[in-house]
Amino acid sequence: MAKQKRKETQKEQSERFKKAVQDMIDAGELNPTEAEAALDKLVQDTGARD
């Protein structure tokens, strides 16, 4: 039988996400500066197609 999805509040979900992001930063798997630049490029590329 499949596991039931855990119900969590918006606050709990936000805290879990922030912890996961910080863990990735601490492990060197995520660079906030590079992530920001990649997002900016993606947004700019998407806008160019309109």
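Okay, let's start with a pair: lysine 41 and aspartate 45 form a salt bridge, with their closest N and O atoms 2.8 Å apart. By salt bridge I mean a side-chain nitrogen of Lys or Arg within 4 Å of a carboxyl oxygen of Asp or Glu. The two residues are 4 apart in helix 2, so about one helical turn separates them. Aspartate 45 counts as partly exposed because its relative accessibility is 37%; the cut-offs are under 20% relative accessible area for buried, over 50% for exposed and partly exposed in between, with a 1.4 Å probe and protein chains only.

Before I go on, a word on what you're looking at: this is a predicted model, where local features need pLDDT of at least 70, side-chain atom pairs count only at pLDDT 80 or more, and totals for chains, interfaces and linings use all residues. Numbering runs from 1 along each chain as its sequence is written, and side-chain values use heavy atoms, with hydrogens and water left out.

How many salt bridges turn up in the whole structure? The search finds 3. Another one joins lysine 19 to aspartate 23, at 2.9 Å from N to O. Those two both sit in helix 1, residues 10–26, and they are 4 residues apart, about one turn of the helix. Lysine 19 is exposed at 52% relative accessibility, while aspartate 23 is partly exposed at 39%.

Then there's arginine 16, whose side chain meets that of glutamate 8 in a salt bridge at 2.6 Å, N to O. Arginine 16 has a relative accessible area of 47%, so partly exposed, and glutamate 8, at 24%, is partly exposed too.

Staying with charge, the chain has 10 positive and 11 negative charges, and their mean positions are 10 Å apart. Lys and Arg count as positive, Asp and Glu as negative, and His and the chain ends are not counted. Each charge is placed at NZ of Lys, CZ of Arg, CG of Asp or CD of Glu.

Now the overall picture. The chain has 2 helices and 0 strands, taken as DSSP runs numbered from the N terminus (H or I, at least four residues, for helices; E, at least two, for strands). What share of the 50 residues is buried? That's 0%. The C-alpha atoms fill a box of roughly 45 × 30 × 25 Å along the principal axes.

Last stop, helix 2 again, residues 32–48, which holds leucine 39. Leucine 39 is partly exposed at 45% relative accessibility.
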